[in-house]
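Please keep the sequence and the model in view while reading.

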Amino acid sequence: MAVYITDESEKILEDSMKERLSHIVRDVIDGAVEYVNCPYECTVEVTFTDNASIREINLEQRKIDAPTDVLSFPLLEYNTPGDFSFLEDAGVDAFDPETGELLLGDIVISLERAKEQAAEYGHSIFRETAFLTAHSMLHLFGYDHIEDGDRVTMEQMQEDILQRKGYTRDYE
């Protein structure tokens, strides 16, 4: 598993907090890959940013002129969320030619918004970032929450991933 984290968040948090967040993000990504029984070693790129930068990305990519907490950019199009069998088909170029790892996609997290939401919801930024990572990983596996039933499924999966890793609402 390769997780590459880039920090573009300026001085939103102390470096020691960002180091801990990086560890949590890697842990949740690993937990999500295990949870969906992904049979491949994977690569995920994560960027920590601020509200102004994520707003620009949101406007450019989704035509929404507002900051958000997390954006997911999956590199794969699933026939069925979490079903990797299509990768066996000839012509699917989803693996890093140097490492052989499955390229899942990119996650962009606004640490500024995560910090705000943690205060709003009464839990730590560590738990909030774990939640945002689990949510985003499910998007990288093809899950979505547009339909009400899909939203309920995705919420349960997020909770399962966080519970398995110990990132409960009271996690400090």
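β3 gives the lining of the largest pocket its largest share, four residues. The model is a predicted one.

**The largest pocket**
- The volume of the largest pocket is about 350 Å³.
- Its lining is made up of 17 residues, and those nearest the centre are Arg62, Ser72, His139, Asp144 and His145.
- At least two lining residues come from each of β3 (70-74) and α4 (125-140).
- Sorted by class, the lining holds seven nonpolar, six polar and four charged residues.

**The largest nonpolar core**
- In soluble globular proteins, nonpolar side chains tend to be buried together.
- The largest nonpolar core here has 47 residues, and the members that touch the most others are Val36, Val46, Phe84, Leu102, Leu104, Met137 and Phe141.
- Two or more residues of this core come from each of α1 (15-35), β2 (42-49), β4 (102-110), α3 (111-121), α4 and α5 (148-165).
- Beyond its neighbours within four places in sequence, Phe84 has contacts that include Val36, Leu102 and Phe141.

**Two residues with positive phi**
- Most residues other than glycine have a negative phi.
- Asn37, in the loop between α1 and β2, has a positive phi near 55°.
- Asn37 counts as exposed because its relative accessibility is 61%, and exposed means over 50%.
- Lys63, in the loop between α2 (51-62) and β3, has a positive phi near 60°.
- Lys63 has a relative accessibility of 65%, so it counts as exposed.

Note on methods: Residues numbered from 1 in each chain as written. Predicted model: local features only at pLDDT ≥ 70, side-chain atom pairs only at ≥ 80, totals over all residues. Heavy atoms only, no water. 1 Å grid on protein atoms, 1.4 Å probe; cavity = no way out; pocket = protein on both sides within 12 Å on 5 of 7 lines; lining within 4 Å. Points joined across faces, edges and corners; volume = space filled by probe spheres on them. Nonpolar A, V, L, I, M, F, W, Y, C, P; charged D, E, K, R; others polar. Core = buried A, V, L, I, M, F, W, Y, C linked by side-chain atoms within 4.5 Å. Buried < 20%, exposed > 50% of the residue type's maximum accessible area, 1.4 Å probe, protein only. Contact = heavy atoms within 4.5 Å.
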